[in-house]
Amino acid sequence: MKNYFKKLQEDVRFQEGLNACINCGTCTAICPAAEFYRYDPRQIADVVQSRNDDEIETLLKSDTIWYCGECMSCKTRCPRGNAPGLIIIALRSLSQDTGLFIHSEKGRQQLAVKRTVGENILKTGYCVYPGSLIPSLHPEQGPVWEWELENIDHVMHKLGANYNGEGAGALRKIPEESLKELKAIFDETGATDRWELIEKISAEKANDMGLTFDETMNCSYFKYIYKHNSRNHFAE
Amino acid sequence: MKEEGKKRIWSEYQKEVPDDHYYYVRSCIRQTFFPGSEQAFLRILREELNRDVYENPYHTTCTGIAYHADIVPFDTTMTVVARQFALMTESGYRNYVPSCITSFGIYTEILETWKHFPEVEARIREKLWKATKREFKIPENLSHSSDVIYHFRNEIAEKAKYRLVNCKTGEPLKVVDHIGCHYAKMFPEKGIGGAEFPQVLSGMIEAWGGEVIDYPERRHCCGFGFRQYIVQANRGYSLSCSRKKFESMEPYEPDLIITNCPGCPMFLDRWQYVISEMEGKTYGKNGFGIPVFTYEEIAGLVLGYDPWELGLQVHQVSCEPVLDKIGIPYKLTEKFTGKNKEFLGVPKMPQYLKFCC
């Protein structure tokens with residue numbers, strides 16, 4: 001039996017994010033994603049408060065829940081104090097934990113997020129780190145960033161950073177014992193399980209799609225989900 | 001509205017910022033793109049204001065970007081943050097000062113969650129103990145590093161060598177402030193001035209002689225959107241949000257943009273380059289962009305710090321038009337040099353965006 005609504009109710013973000021939405025549409029008016037994508041946070045609130053598990057399942061399998069930028073502008077303006085952005089966070093968690101993210105183009109991108117920002121955390125102790133922002137994946141960073149990467153030790157030294165160094169300071173090397181603690185926390189709190197599930201289901205999907213799959217960012221599945229945009233997402 | 005009523009409403013958006021003894025935690029994005037800004041923050045507090053600031057080398061990311069890109073569960077982020085609080089507790093500090101706005105939002109959200117759901121705090125304490133054998137106390141105060149600079153804005157003004165004023169005409173520079181969504185949009189009462197009329201940056205601008213520009217899209221997101229930037233296929237979202245802001249502010253002819261969040265200045269800087277490459281469009285005068293600064297860079301500049309030690313050379317939009325207007329001296333020949341003034345070569349020139357080198 002489907003129990004998506006019950007699962008959502010267990011999430012404190014959901015409890016805090018939705019109190020009888022009056023469907024005024026203020027969130028949609030203020031939402032940057034609604035302006036760019038075919039996206040309407042008012043409808044999201046409406047679907048989940050219907051408690052209809054079939055409709056919630058459709059959402060969990062859709063691109064729709066992946067359009068939000070989590071800026072939380074909706075929270076500021078909602079006259080009922082709701083936060084569609086928090087509802088989205090709860091839906092995205094459930095979509096991943098049930099494996100339903102794999103049904104949508106935007107949901108499948110979670111593998112790319114996991115392998116970039118996610119893996120940075122356990123490898124370096126940072127979400128973002130200079131070495132991870134390589135120009136081929138980030139052409140928008142422009143020529144100054146390319147110059148900075150080419151001269152990274154000199155530039156960081158001049159700007160007072162402790163790049164890869166021991167002790168305190170900007171971009172210091174995070175001690176091995178701290179990285180081990182992060183890994184222990186990830187194992188204890190469900191992040192490791194979520195990542196293993198994303199990897200497993202993505203590998204199966206790659207096989208279905210006839211794309212190569214390995215642990216690198218060079219396999220054709222990673223490149224496809226990272227760059228492919230079917231252009232079916234945009235507001236009129 | 002009666003004066004008394006105004007004061008009452010405004011008082012809800014004031015916050016107490018401690019006067020000394022800060023436990024400073026760095027930002028992943030600010031360290032990567034603007035390490036000179038964090039250096040300036042520490043120099044201002046320690047050398048100009050004689051304050052005690054401590055940073056713990058064992059501090060790590062709070063996982064905030066991964067949390068808002070939805071690949072780590074809330075329990076994971078809460079437990080990592082609980083570890084950060086444990087490090088603070090072990091270091092003997094209680095005033096927690098994050099450099100990152102995403103982190104500030106994360107810490108605020110978690111502290112509020114624990115207030116409303118004490119059983120969640122109890123569960124996280126247990127998980128932290130199991131994973132690391134650590135315990136923690138809740139910070140007595142949580143202030144973003146911009147709150148601290150705001151707190152000392154008048155002291156900085158008293159020590160300033162320069163003001164945000166056109167040195168030739170005496171007119172104030174026109175400044176756009178960009179607050180960063182997670183500073184106050186989720187919990188308006190936690191930010192100075194709240195979400196609708198944020199004061200944290202405009203207070204600095206006015207104290208240092210500039211004029212704040214109010215423009216229609218002042219409160220719009222820069223467009224980071226977490227997964228909307230991280231995944232290349234989604235970056236049109238991020239670019240479009242920034243473009244909307246530039247188009248909205250352009251008629252007001254701002255001299256510069258000052259930012260609160262570590263990510264926003266990078267996006268507002270880089271997307272101007274991308275728009276120029278895509279459309280040939282530039283938003284500043286004479287083919288330049290609108291220079292984008294961190295609040296630490298602006299504080300450093302008014303205090304007379306060297307622009308290249310602050311890191312203005314790693315901005316894609318050239319900052320020299322602002323330096324010229326204020327009358328801040330600089331050596332262009334030293335812009336692209338290392339610590340010992342060794343020449344490092346110059347970056348490639350953009351196609352349209354005018355670039356000083």
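I began with the domains of chain A: the assignment, which is automatic or from a database, gives domain 1 (4-106) and domain 2 (127-173). Their C-alpha centres lie 36 Å apart.

Before going on I noted that this is a predicted model, in which local features need pLDDT of at least 70, side-chain atom pairs count only at pLDDT 80 or more, and totals for chains, interfaces and linings use all residues. Residues are numbered from 1 along each chain as its sequence is written, and chains are lettered from A and ligands numbered from 1 in the order in which they are written.

**Chain A overall**

I looked up the secondary structure of chain A and found 15 helices and zero strands. Helices (H or I, at least four residues) and strands (E, at least two) are DSSP runs numbered from the N terminus. The C-alpha trace of chain A spans about 55 × 45 × 40 Å along its principal axes.

I then checked burial, where a residue is buried if 20 or more other C-beta atoms lie within 10 Å of its own, exposed if 12 or fewer, and partly exposed in between, with C-beta atoms placed from the backbone. Of the 236 residues of chain A, 47% count as buried.

For contacts I used C-beta atoms, placed from the backbone, within 7 Å. Among contacts in chain A between residues at least 6 apart in sequence, 63% join residues at least 24 apart.

**A helix pair in chain A**

I picked helix H10 (residues 110-124) and helix H15 (residues 220-227) of chain A, which pack at an angle of about 105 degrees with their axes 9 Å apart. The axes are lines fitted to C-alpha atoms, for helices over the stretch in contact, and angles run from 0 to 180 degrees between N-to-C directions. H10(A) and H15(A) are therefore roughly perpendicular to each other; the cut-offs are under 35 degrees for roughly parallel, over 145 for roughly antiparallel, 65 to 115 for roughly perpendicular, and oblique for the rest. H10(A) brings Leu111(A), Ala112(A) and Arg115(A) to the contact, and H15(A) brings Phe222(A), Ile225(A) and Tyr226(A).

I sorted this contact by class, counting Ala, Val, Leu, Ile, Met, Phe, Trp, Tyr, Cys and Pro as nonpolar, Asp, Glu, Lys and Arg as charged, and the others, Gly among them, as polar. It has five nonpolar, no polar and one charged residues.

**Between the chains**

I found 70 residues from chain A and 72 residues from chain B in the contact. The side of chain A that touches chain B has 35 nonpolar, 21 polar and 14 charged residues.

**Cores**

I looked for nonpolar cores, meaning sets of buried Ala, Val, Leu, Ile, Met, Phe, Trp, Tyr and Cys residues joined through C-beta atoms within 7 Å. The largest has 165 residues, and Ile87(A), Ala66(B), Val81(B) and Ile258(B) have the most contacts inside it. Apart from it lies another core, of 10 residues, among them Met156(A) and Leu171(A).

**Chain B**

The assignment for chain B gives domain 1 (22-145) and domain 2 (156-334). Their centres, taken over C-alpha atoms, are 26 Å apart. I saw 25 residues of domain 1 of chain B in contact with 27 residues of domain 2 of chain B.

Last, I checked helix H11 (residues 200-207) of chain B, where seven of its eight residues are buried. Among the elements its buried residues pack against are helix H8 (145-151) and strand E5 (174-178) of chain B. Just after H11(B), Gly209(B) takes a positive phi of about 100 degrees.

Note on methods:
Two residues are in contact if their C-beta atoms, placed from the backbone, lie within 7 Å.
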